[in-house]
Amino acid sequence: MAKKIKIGCVLDEKALHTVTLDPEKCKGCVTCMKRCPTEAIRVRNGKASVAYERCIGCGECVRLCRHHAKLPSHDPWDTINDFKYKIALPPPSLYGQFNNLEDINVVLNGLLQIGFDEVFEVGEAAEYITDATREIMKEGLIKRPIISTACPAVVELIMMKYHDLAEQLLFTLAPVDAAAKLARERAVAKGIPEKDIGVYFISPCPAKVFALKMGLGVNKPYVDRVLSVSDVYMRLVPAMDKLTEIKPLAKMSSTGLNWGISRGEANSTEELKTIAADGIEQCVKILEALEDGGLQDIRFIELNACISGCVGGVMNVENAFVARSRLHYLTSKLRGEPNTMADIGKDKEYFLWEQNPTKKDVFKLDSNRLLAMNKLIEIENIMGTLPLADCGLCGAPSCRAFAEDVVNGVLPKGTKCPRLGEYENGGAK
Amino acid sequence: MSADCLRQEYVVSGNNFASAGSASEEVKSTLKKLGVSSADIRRVAIAMYEGEINMVIHAGGGVATVDIYLDRIEIVLADKGKGIENVELAMTPGWSTAPEDIRALGFGAGMGLPNMKKYTDKFEIESEVGVGTTVKMTIYFH
């Protein structure tokens, strides 16, 4: 278990643990702490700890840790036995994990072999979201540019830090939620008792685990269990090798498969002025520019926290660029015409958010502005005594974060910068 | 600077588009910590960003001094650039002296000063040809 720490003053006790720590492996280096986009990590007593109320689940810390001490949270494979009727939801990124794959049906049939009773491609559901998005774009009711909500880490970040951009969010279900909703409905229609149905998503990243467990934009989670791609991969590969018959299960077109890589969703809108940014640092740059009133000529913005899109998720087994290349190849095997909502007799409303995600005030220093102001001034005063080297030796990601921790009482008052002695007159300024 | 005010100073370097917006980014971060409403933060962001870009394009850089109070923010953008010949004309939406190469980059649409005025509660501009320009803006928090 990772140690839970508190920073800042607005806390959410119910915050789920997106990543955990293997304390045996953690060396207390500052790599994850320095690169966390929301400064949610501190090194305490020589180990990295996470302030979960600030974690967006992007997985950067998992990706960066050279000691493999950071573990993304997900349900273990054993939970496969929790339900009688098991439905697998494979995401588009999954098909990029297999070498020499010529037919996505091999993966889908393999899933049936390892214990699932049914499969529902998330890529198929993505095409209904594409259809709904095109309608929403035509209606022109939301402020442009419209921001994609497919990456839950980005949505979390906006809810924490870019409140004014929340009104620009595309209010459609995530493809995985749409897939779960449809799959569950179909199983019930087949006469399977509701309590026996278990919907399992095979997740490429901890952000999706978190979003599905908490329910992002939905009244209650549609997915029952969230497995990791790597856990499923171990079982799937041998099963795929042993297949004797390959049933045509795939319904997805190349449009849905392309959602697994950056630009797939943006291109599917058929808008000409779109942006697709990938990698959390680049996403932040686009969000900052939007906040400054820029990019007003753009109609749609797709943001993926992972480089290359979902194929870059930290719970995948394959390198993002290799997986991307495989998806690109596999699109050539699929038809171009996407599934439409009309094909399944649904309208746009079926695919919309049931509730808006909640904005979070995790960066506010105090709910009383006067006290917050006093804290800000105190932080500046402390900053004046610090070397501003941002070395991380104190266990905070920057000198400013250290000053904030002291003012917030996270560190005892009067805590000294461990490198102060190296600088003359108490500071290098 | 009085005890109830937080002053931050940013040097905006000239002809460096990549760095424009970094002062705005820091100010936004501070206002979020203070708990200022997102609508007000956006007004500050637009006014500051336009001001920064102006100093980059027209003045070879300058200094942004930002005073944050409980109820307002005061931004002073001072440069030692070539100055503005006709301030009234410069305030006209769409009027621009930005050269073609700058326009090609997507800047210089002539909306900088009008936007700064539009999104702020108080807006003052003083300019002298050959000496420089000073813009003072105040935004009250709701």
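**View 1. A three-stranded open sheet in chain A of this predicted model**. The strands, which are DSSP runs of E with at least two residues, numbered from the N terminus, follow the order S7-S11-S10 with parallel pairing, where two strands pair if DSSP finds at least two bridges between them. Strand S7 (146-147) and strand S10 (274-278) of chain A stand at the edges, and because each has a single partner strand, one side of each lacks a neighbour in the sheet. Two bridges join S7(A) to the parallel strand S11 (residues 300-304) of chain A, and Ile146(A) has Phe300(A) as its bridge partner there. Residues are numbered from 1 along each chain as its sequence is written, and chains are lettered from A in the order in which they are written. Local features need pLDDT of at least 70 in this predicted model, and side-chain atom pairs count only at pLDDT 80 or more, whereas totals for chains, interfaces and linings use all residues.

**View 2. The largest nonpolar core**. This core, a set of buried Ala, Val, Leu, Ile, Met, Phe, Trp, Tyr and Cys residues joined through C-beta atoms within 7 Å, has 116 residues, and Ile87(A), Leu89(A) and Ala179(A) have the most contacts inside it. A residue is buried if 20 or more other C-beta atoms, placed from the backbone, lie within 10 Å of its own.

**View 3. Helix H2 (residues 38-58) of chain B**. Of the 21 residues of H2(B), 18 are buried, so the helix is largely enclosed by the rest of the structure. Gly60(B), whose phi is positive, near 65°, follows H2(B).

Key
Buried ≥ 20, exposed ≤ 12 C-beta atoms within 10 Å, placed from the backbone. Helix = DSSP H or I, 4+ residues; strand = E, 2+ residues; numbered from the N terminus. Expected span 1.5 Å × (residues − 1).
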